[in-house]
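Please keep the model open beside the text while reading.

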Amino acid sequence: MSKKDLGLLILILVVGAIVAIINPRFLLPINLANTSNLIGLFGILSIGQAFVIITGGIELSVGSVVALLGTLFIDFIAVRELDWPLAFVLIIALGAIIGLVHGWLITRLKLQPFVVTLCGLLIYRGVARFYTADGTAGFAFGQNFPELEFLTAGRSYGVPNSFIALIVIAIVMWVVLHRSVFGRYLYAIGKNEEAAKYSGIRTGRIVMAAYVICGVLTALSAIYFAMYTRSISPASHGQFYELYAIAAAVLGGFSLRGGEGSLIGVILGTVLLQELQNLVNLLGIPSSLNFAVMGGVILIGVLVDQQWSVFRARRLMVDAARKNVAGAPAE
């Protein structure tokens with residue numbers, strides 16, 4: 001665990017202690033379980049976003065993809081009566097295709113990630129609204145899918161299965177990011193894409209793979225959100241979810257410039273965000289201020305990241321100067 005991660009963990013514990021003192025309901029099992037469930041839902045989303053951010057890119061269409069794929073998943077199993085495992089595979093495949101298209105547009109046609117994903121944000125939500133005729137996608141009265149509901153919205157020994165899924169995914173993605181050649185390539189591209197290209201790394205394929213990973217994890221998150229809400233209004237479902245994902249990644253130490261960050265930090269960033277959301281609810285702060293809190297958190301995270309980079313650069317310069325002075329021959 002890095003110093004940034006340790007600092008974030010301490011902040012989470014301090015905020016949690018303060019909230020528990022102000023409102024003891026924070027420590028109730030039902031509240032902790034609900035918060036853990038939301039951490040699982042948004043954590044999966046945030047890990048996907050982190051893989052894109054580390055390359056120096058960004059994915060702004062996350063919320064709209066959640067709305068579109070969630071709508072399609074409910075329609076597949078509730079209306080078209082597909083077997084849920086088949087519908088599950090189809091939704092994951094669609095998420096991978098969306099990520100592949102985004103990666104192709106960015107790497108092959110040299111479009112800016114901001115432009116590509118901003119257009120995706122508008123397109124996917126528009127398609128979702130058209131698909132439902134601006135209606136609501138949901139389950140009919142009495143419809144239930146016991147195995148699917150247990151896997152997505154159920155609990156094992158009191159722990160939400162969404163949180164368990166997050167831990168499993170986080171372990172796998174940690175190995176991919178921190179213990180694989182692919183992960184080292186991602187960091188190299190984020191640091192300096194041109195240098196990575198001249199060193200023999202196929203940067204285009206690596207960046208496309210990052211967007212595919214993001215698409216797959218977003219699709220998985222869309223299924224979890226669909227089963228959590230059990231009803232989707234495409235006009236509002238998933239709105240601003242990209243902000244939660246970006247904020248969690250930034251708080252976790254992922255620089256928007258690329259090339260920095262740890263997966264543990266993303267999980268801790270998600271925990272802190274949901275803790276703050278819980279704080280807003282328990283203290284009776286108007287829910288309309290939720291996004292103000294998100295904006296403030298992102299701004300603080302970016303400022304801290306920028307100042308930390310400046311401080312580290314100055315420290316490296318000072319250390320280098322001291323070594324040069326110490327190594328210079330005495331006259």
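## Basis of the description

Helices are DSSP runs of H or I with at least four residues, strands are runs of E with at least two, and both are numbered from the N terminus. The model is a predicted one, in which local features need pLDDT of at least 70 and side-chain atom pairs count only at pLDDT 80 or more, whereas totals for chains, interfaces and linings use all residues. Residues are numbered from 1 along each chain as its sequence is written, and side-chain values use heavy atoms, with hydrogens and water left out.

Helix α11, which covers residues 241-251, is mostly covered, since ten of its eleven residues are buried (buried means under 20% relative accessible area, exposed over 50%, and partly exposed in between, with a 1.4 Å probe and protein chains only). The buried residues of α11 are Y241, E242, Y244, A245, I246, A247, A248, A249, V250 and L251. After α11 comes G253, which has a positive phi, near 100°.

A pair of aromatic rings is described by the distance of the centres and the angle of the planes. Here rings of Phe, Tyr and Trp (its six-membered ring) pair if their centres lie within 6.5 Å, and planes under 30 degrees apart count as stacked, over 60 as edge-to-face and the rest as tilted. The count by this rule is six aromatic pairs. One of them joins F139 and F145 in a tilted arrangement, with 5.8 Å from centre to centre and 55° between the planes; F139 is buried at a relative accessible area of 15%, and F145 also counts as buried, at 15% relative accessibility. The rings of Y241 and Y244 have centres 6.3 Å apart and planes at 90°, so this pair is edge-to-face.

Why are Y241 and Y244 separated by about one helical turn? An α-helix has 3.6 residues a turn, so residues three or four places apart point the same way. Y241 and Y244 are three residues apart in helix α11, and therefore about one helical turn separates them.

S46 belongs to helix α2, residues 29-53, and is buried, with a relative accessible area of 1%. When its neighbours within four places in sequence are left aside, S46 is in contact (heavy atoms within 4.5 Å) with Y244, A245, A248, V266 and T270.

V65 is placed in helix α3 and is buried as well, with a relative accessible area of 4%. Apart from neighbours within four places in sequence, V65 is in contact with G70, I98, Y124, T218 and A222. The C-alpha atoms of V65 and I232 are separated by 13 Å, although these residues are 167 residues apart along the chain.

## Nonpolar cores

A nonpolar core is a set of buried Ala, Val, Leu, Ile, Met, Phe, Trp, Tyr and Cys residues joined through side-chain atoms within 4.5 Å. The largest such core has 68 residues, of which I47, F51, L69, F73, I91, L177 and F254 touch the most other members. Its largest share, 15 residues, comes from α10. Not counting residues up to four places away in sequence, I91 touches L69, L72, F73, F76, A219 and I223. Another core lies apart from it and has 15 residues, among them A20, F26, L272 and L273.

## Cavity and pocket

On a 1 Å grid over the protein atoms alone, a cavity is a set of points where a 1.4 Å probe fits but cannot get out, and a pocket is an open set with protein on both sides within 12 Å along at least five of seven lines, while lining residues have an atom within 4 Å of a point. Grid points are joined across faces, edges and corners, and a volume is the space filled by probe spheres set on the points. One cavity of 30 Å³ or more is found in the whole structure. The largest cavity has a volume of about 60 Å³, and V65, I98 and T218 are among the residues that line it. α4 gives the most to this lining, with four residues.

The second largest pocket has a volume of about 360 Å³. Its lining has 21 residues, of which I106, T107, P113, E193 and V207 lie nearest its centre, and α10 gives the most to it, with four residues.
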